[in-house]
Number of protein chains: 2
Amino acid sequence: MRLSGESFVVVYRLVGSLDECRATADDICVEQTIEFPLDLVWKEEISRQIVAEVARFREVGRGVFLADIRYSAEVAGADLPQLLTVMFGNFSLKPGVRVERLELPDSMAGRFNGPRFGRLGLRRLLGVENRALLCSAVKPMGLSPRELADLAYRFALGGMDMVKDDHGLADQPFCPFKERVLRCAESVDKANRETGGRCLYMPNITGAADSLFERARFARQAGAGGLLVAPGLVGLSTMRVLADDDSIALPVVAHPALQGSFVVHPDQGISHFALFGQLDRLAGADAVIFPNYGGRFSFSLADCRELTAGTQAPLGSLRSSFPVPAGGMSVGRVPELLEFFGNDVILLIGGDLHRHPGGLVKACREFRGLV
Amino acid sequence: MRLSGESFVVVYRLVGSLDECRATADDICVEQTIEFPLDLVWKEEISRQIVAEVARFREVGRGVFLADIRYSAEVAGADLPQLLTVMFGNFSLKPGVRVERLELPDSMAGRFNGPRFGRLGLRRLLGVENRALLCSAVKPMGLSPRELADLAYRFALGGMDMVKDDHGLADQPFCPFKERVLRCAESVDKANRETGGRCLYMPNITGAADSLFERARFARQAGAGGLLVAPGLVGLSTMRVLADDDSIALPVVAHPALQGSFVVHPDQGISHFALFGQLDRLAGADAVIFPNYGGRFSFSLADCRELTAGTQAPLGSLRSSFPVPAGGMSVGRVPELLEFFGNDVILLIGGDLHRHPGGLVKACREFRGLV
């Protein structure tokens with residue numbers, strides 16, 4: 001066995017005493033690679049080349065440590081599931097350990113195409129150079145395709161850049177996927193012809209592993225301008241394959257459904273930076289929806305800042321993705337959001353637009369007037 | 001909109017004060033369905049039929065509550081990702097909430113085939129009626145296909161019922177998938193011809209969404225007797241499609257890589273019962289590997305008991321799956337494990353078998369002699 005010598009680093013945050021955390025760092029090196037008692041390894045080259053090593057270890061707070069673990073690049077093979085399992089497969093089962101970030105050499109990041117459009121590509125599609133992009137969602141679940149399409153029409157007429165399906169809209173009997181997508185795409189197209197705008201309709205194609213690609217192709221044919229997919233439900237690797245598919249070639253917006261368990265406890269799981277920034281980008285997301293601070297969810301200001309940093313941190317030559325703060329946002333908060341996120345953001349407001357006494361179109365225009 | 005009236009229940013465990021948890025239960029009803037301000041819903045039938053309801057609410061400990069939330073069956077559509085997102089999509093992003101269990105009517109469970117073999121089917125394949133089944137794993141990573149195949153041969157010769165790949169074995173340059181699978185399958189077959197046994201070799205086919213099925217078909221052709229797949233890495237739905245594929249039709253063993261973040265904190269995520277028992281079964285797992293109590297990991301005795309209960313709890317007419325306690329088990333613990341799990345279990349011992357001074361074959365025979 002002769003390995004290339006190429007390596008990558010995963011930075012883990014460990015909680016405990018110094019001795020405990022040093023022992024955990026050593027454990028990670030073995031558990032995430034050979035998963036075998038070190039004293040029983042009979043080939044010296046395995047201990048030397050396959051078992052990972054603690055490249056750096058330091059205390060960053062009272063009882064909180066960071067350990068940089070260096071892995072041989074070959075161990076992670078060439079695909080996303082194997083990178084994930086080396087990064088955190090077995091150790092996800094232990095408390096007190098959190099993946100802070102990945103440090104991949106360009107050659108490893110280069111195995112992934114990343115976002116097909118990224119921030120610049122999406123701006124080019126929309127013809128919007130500088131301002132924040134605006135998005136809303138057709139909902140609530142329970143409306144018919146015709147009713148949802150009417151909402152989509154009004155959002156587009158009011159100047160939204162994107163209109164997405166609510167992520168709960170799947171292929172329910174009361175709102176079949178195909179009819180919904182056809183009607184909504186048609187409505188947005190009609191509005192675009194009236195306004196001269198380029199609003200993109202992005203249906204939710206999240207579905208069973210054997211129907212998702214079919215849904216994506218149908219959506220493209222129907223005139224959808226992007227796709228909403230929840231990698232927590234279908235797997236990051238499935239989203240990656242979708243994003244890479246040249247016969248689909250639409251912007252991919254990631255929804256965080258079911259990914260919460262990775263981030264919600266600060267002492268375990270995966271950081272906002274790594275999960276929503278780095279991993280979602282490796283898996284091809286052009287934009288990443290997340291529950292913003294101060295909304296219905298519990299992400300903190302710091303979480304949102306780190307997440308946003310992850311969407312644009314250098315990652316080989318992969319494009320950056322758009323952060324999409326959401327989850328109970330209101331038009332009144334737009335100035336504050338712009339101050340926090342800057343203009344390179346997609347602002348997603350759903351229910352609150354329906355509060356406007358002048359109706360949806362006016363609400364959208366007011367929203368648009370603020371950016 | 002006219003719904004069938006059919007419903008299912010998700011039982012959530014909530015942590016907090018009575019008032020907080022009552023409010024959370026109400027939140028779940030809205031957030032997991034319409035995700036829309038209830039006061040803005042303009043169609044009464046949506047509030048009445050689509051929004052879920054708290055069917056039962058009770059305190060089960062100091063500051064710990066159980067809420068049974070009843071959902072319309074139609075809301076969850078017909079596929080696993082949609083069931084998952086209704087169950088816990090957005091609420092995974094909030095702390096203090098854990099999915100305890102699903103209560104599906106037979107008609108909903110019946111949308112899934114579940115385990116193709118299940119406990120009885122796997123026993124029939126192996127020709128073992130009553131005793132506990134025995135499994136080991138070829139590892140450590142870093143060995144060549146030839147070296148791994150030699151281990152597989154000796155495990156089979158020693159009387160293991162199953163020999164699986166270590167889950168870290170993917171398609172690395174130092175151990176390519178195809179060569180490994182061919183050699184290991186051949187070795188196990190050779191041992192079977194010598195012993196008259198029926199040991200099954202189960203390679204790890206976990207891989208990118210666009211290569212996993214190809215790997216599975218290759219494995220079948222090569223003579224593999226089952227497949228190891230990590231649903232946390234590839235998605236539960238992908239495992240379900242794999243298990244349902246009649247052109248593959250091999251037992252599926254689920255590995256818990258990356259699923260730990262769902263279970264590791266008792267106040268959030270998904271219970272061992274629901275994740276490893278119910279959901280893995282809906283997704284077609286015939287056997288479920290998990291880190292046993294008292295090994296290298298942190299699962300408690302109660303966790304293991306609940307998990308095991310989940311593998312056999314009634315779930316429509318779906319077959320039960322095998323619990324596979326693992327993770328630093330030793331031959332010395334076999335009597336204790338049998339007392340705890342009974343005979344309807346697969347005991348998986350990896351590294352420890354290599355400690356035997358008489359070699360692997362003897363170690364396996366000793367292991368076998370204990371069940």
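In chain A, the axes of helix 6 (residues 145-157) and helix 7 (residues 177-195) come within 8 Å and cross at roughly 25 degrees. This angle makes helix 6 of chain A roughly parallel to helix 7 of chain A, and the crossing of the two is right-handed. On the side of helix 6 of chain A, the contact is made by Pro145(A), Arg146(A), Leu148(A), Ala149(A), Ala152(A), Tyr153(A), Ala156(A) and Leu157(A). Helix 7 of chain A contributes Glu179(A), Arg180(A), Arg183(A), Cys184(A), Ser187(A), Val188(A), Lys190(A), Ala191(A), Glu194(A) and Thr195(A). By class, the contact of these helices comprises 10 nonpolar, 2 polar and 6 charged residues. The model under description is a predicted one.

Helix 7 of chain A also packs against helix 8 (residues 212-222) of chain A, with axes that come within 9 Å and cross at roughly 30 degrees. Because angles under 35 degrees count as roughly parallel, helix 7 and helix 8 of chain A are assigned to that class. Their crossing is right-handed. Here Phe177(A), Lys178(A), Val181(A), Leu182(A) and Ala185(A) of helix 7 of chain A meet Arg215(A), Phe218(A), Ala219(A) and Ala222(A) of helix 8 of chain A. The residues of this contact divide into 7 nonpolar, no polar and 2 charged.

In chain B, the buried residues of helix 8 (residues 212-222) are Leu212(B), Phe213(B), Arg215(B), Ala216(B), Ala219(B) and Ala222(B). The elements covering these residues include helix 7 (177-195), strand 8 (227-229), helix 9 (231-234) and helix 10 (236-244) of chain B. Just after helix 8 of chain B, Gly223(B) adopts a positive phi of about 100 degrees. In chain A, helix 10 (residues 236-244) is largely enclosed by the rest of the structure, because 8 of its 9 residues are buried. The buried positions of helix 10 of chain A are Leu236(A), Ser237(A), Thr238(A), Met239(A), Arg240(A), Val241(A), Leu242(A) and Ala243(A).

The relation between the chains was examined next. Chain B can be laid on chain A with an RMSD of 0.0 Å by a turn of 180 degrees and a shift of 0.0 Å along the axis. This is the relation of a two-fold axis. Among the residues of chain B, Gly235(B) comes closest to the rotation axis, its C-alpha lying at 2.3 Å. The copies meet through the same surface, because 100% of the interface residues of chain B are also interface residues in chain A.

Leu66(B) is located in strand 3 (residues 64-72) of chain B and, at 13% relative accessibility, counts as buried. Beyond residues up to four places away in sequence, Leu66(B) touches Val11(B), Tyr12(B), Arg13(B), Arg56(B), Phe57(B), Arg58(B), Val60(B) and Glu100(B). Leu66(B) and Leu233(B) are 167 residues apart in sequence, with a C-alpha to C-alpha separation of 30 Å.

Arg131(A) lies in the loop between helix 5 (118-126) and strand 5 (133-138) of chain A. With 16% relative accessibility, Arg131(A) counts as buried. Apart from neighbours within four places in sequence, Arg131(A) is in contact with Arg123(A), Asp161(A), Asn343(A), Arg368(A) and Val371(A). The C-alpha atoms of Arg131(A) and Lys43(A) are separated by 59 Å, the two residues being 88 residues apart along the chain.

Technical notes: Residues numbered from 1 in each chain as written. Chains lettered and ligands numbered in written order. Predicted model: local features only at pLDDT ≥ 70, side-chain atom pairs only at ≥ 80, totals over all residues. Heavy atoms only, no water. Buried < 20%, exposed > 50% of the residue type's maximum accessible area, 1.4 Å probe, protein only. Helix = DSSP H or I, 4+ residues; strand = E, 2+ residues; numbered from the N terminus. Least-squares fit on C-alpha atoms with pLDDT ≥ 70 in both. Contact = heavy atoms within 4.5 Å. Axes fitted to C-alpha atoms, helices over the stretch in contact; angles between N-to-C directions. Parallel < 35°, antiparallel > 145°, perpendicular 65-115°, else oblique. Left-handed = near helix turned anticlockwise from the far one by under 90°. Nonpolar A, V, L, I, M, F, W, Y, C, P; charged D, E, K, R; others polar.
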